[in-house]
Amino acid sequence: MSSSFFLKGKPKPNKKRKFPNDKKPSSTKQIVEKSAKEDDNEEIPSDDEEDIEHSESAQNFQFSDEEDNETPQDKRLKLAKKYLEEIEKEERSRADDKDVRRGITKRLANEYLDSVGKLRRTVADELAGFDDSCVTVLKHKLQKVPITCVCLSADGNFMFSGSKSQFVVKWNVQDLKPVGFFDCLKVPNTTGESSKKHRPQIWAMALSTDFKFLAVADMSKSIHIWCPKDLIHLHTLTGHRDTVTALVFRKDSHQLFSASNDRSVKIWSVDEMAYIESLFGHQSPVTGIDASIRERAITSGGRDCTIRIWKITEESQLIYNGHKGSIENVKLINEEHFLSSGDDGSLCIWSGMKKKPLCVKELAHGKAENGDANWISSIATMFNTDVIASASVVGSCDGVIKLWKLGDHYRTITLLFDVPVKGFVNSLAFTSNGEKLIAAVGQEHRLGRWWRMKEAANRILVISLNKKAVE
């Protein structure tokens with residue numbers, strides 16, 4: 001009989017060994033001893049070396065197996081522990097040891113309420129009045145025409161401005177300087193429409209929370225997706241049958257909502273650059289749109305005098321009536337309350353649980369010379385706080401921005417102070433930290449040329465919201 005002998009590691013060629021009386025040795029030990037005598041140059045690993053190698057391989061296998069078997073819940077637990085450690089370090093640097101636990105608990109509670117849109121921070125009483133030193137004027141040579149819209153990054157470090165030209169300018173909010181721009185005329189024509197170039201006007205923009213996508217509506221039926229970091233064109237979304245008027249990203253997601261003059265609201269997945277579905281119900285062009293954390297959108301229907309909350313997962317909509325005229329703007333105050341304005345000159349505070357407004361501030365910006373209410377052209381809310389802002393055109397197209405305080409349970413609106421502005425205020429936006437209010441100002445309204453004020457300048461105003469000194 002014959003037998004094959006292998007050393008650990010690299011296999012050796014078969015060597016036939018003959019045993020007396022055609023019998024195998026009684027044990028493997030005899031084979032090892034006999035083989036060692038036949039070939040003194042062969043190295044045979046010791047039992048200790050084999051044990052070490054086996055134990056190392058077993059440890060490696062165990063480690064990799066633990067990593068593979070780690071569940072998403074375990075990963076979240078690790079991240080939570082790490083986050084708690086960071087918070088504890090910050091709180092220890094601010095307070096004594098006895099206050100650390102209390103500070104951590106309060107901070108986590110506030111962050112949770114803020115994430116679900118139920119935190120109400122009172123900041124209105126901390127704001128000081130207005131003076132000219134609080135305002136910084138921004139101008140750019142590529143935007144000599146009326147500024148139509150502005151949008152801010154979630155961290156408040158960057159801002160994009162659009163105008164009645166084809167250029168979008170990127171600004172650094174910290175030093176208030178331009179850091180780049182792109183030309184909307186240099187977008188590849190993939191829509192199949194006429195290749196004849198029109199002069200774009202930027203009517204709406206929206207930034208994703210993670211600063212990965214910038215959506216732009218340029219007075220066409222299409223939505224152009226750009227990279228806000230590199231300022232390069234990524235894709236064109238098509239599907240609307242008329243001009244796109246408003247855009248918004250759902251917070252912490254890449255789900256995009258768009259409103260249009262075709263009276264529809266469309267939902268897009270920007271990750272896949274794909275259309276999801278259309279929402280119908282408005283009887284006139286949709287003028288405003290907003291969204292937050294939950295999978296729902298809120299829209300204003302202009303001349304149909306309705307506000308609608310679209311519940312995407314439930315496939316239903318809620319309809320609200322309250323304004324006497326066209327509803328031009330709608331903004332969320334938090335997940336449960338929202339603000340609206342229109343050409344009837346009134347500001348309305350709503351609750352998602354009631355079909356009638358909680359509070360109505362009629363003639364919020366007074367009357368014009370002919371007795372009509374001054375049209376409120378734009379509004380902004382400092383999310384999860386008691387501060388809102390509105391702007392209108394008064395007199396001979398002289399504008400004014402008003403900051404308001406919301407009372408308890410959103411039952412009252414009280415004026416804090418005015419900021420006089422020369423021209424049309426087409427867009428308002430608060431920075432995420434609430435320290436600045438950005439206003440897009442122009443000689444004309446963003447949607448038309450019904451009036452024109454030559455004395456006004458096309459510019460961006462950065463209004464610093466100074467806080468009262470602590471006594």
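The legends below describe close-up views of a predicted model. Residues are numbered from 1 along each chain as its sequence is written, and side-chain values use heavy atoms, without hydrogens and water. In this predicted model, local features need pLDDT of at least 70 and side-chain atom pairs count only at pLDDT 80 or more, while totals for chains, interfaces and linings use all residues.

**View 1. S253 in the loop between β10 and β11.** S253 sits in the loop that joins β10 (244–249) to β11 (255–260); strands are DSSP runs (E, at least two residues), numbered from the N terminus. The relative accessibility of S253 is 16%, so S253 counts as buried (under 20% relative accessible area, 1.4 Å probe, protein chains only). A polar atom of the S253 side chain lies 3.2 Å from the backbone nitrogen of Q255.

**View 2. Strand β27 and its two faces.** Strand β27 covers residues 436–442, and because 7 of its 7 residues are buried, the strand is largely enclosed by the rest of the structure. In a regular strand the side chains alternate between the two faces of the sheet. On one side of β27 are K436, I438, A440 and G442, and on the other L437, A439 and V441, all buried.

**View 3. The neighbours of β27.** Strand β26 (residues 424–430) pairs with β27 in the antiparallel sense over 6 bridges; pairing requires at least two DSSP bridges between two strands. Here F430 stands opposite L437 of β27. The two strands β26 and β27 form a hairpin with 5 residues between them, and G434 in the turn has a positive phi of about 75°. Strand β28 (residues 459–464) also pairs with β27, antiparallel and over 6 bridges, with S464 of β28 opposite K436.

Notes:
Helices (H or I, at least four residues) and strands (E, at least two) are DSSP runs, numbered from the N terminus. Buried means under 20% relative accessible area, exposed over 50%, partly exposed in between (1.4 Å probe, protein chains only). A polar contact is a pair of N or O atoms within 3.5 Å; within protein, one must be able to donate a hydrogen and the other to accept it, and residues adjacent in sequence count only if both atoms are side-chain atoms.
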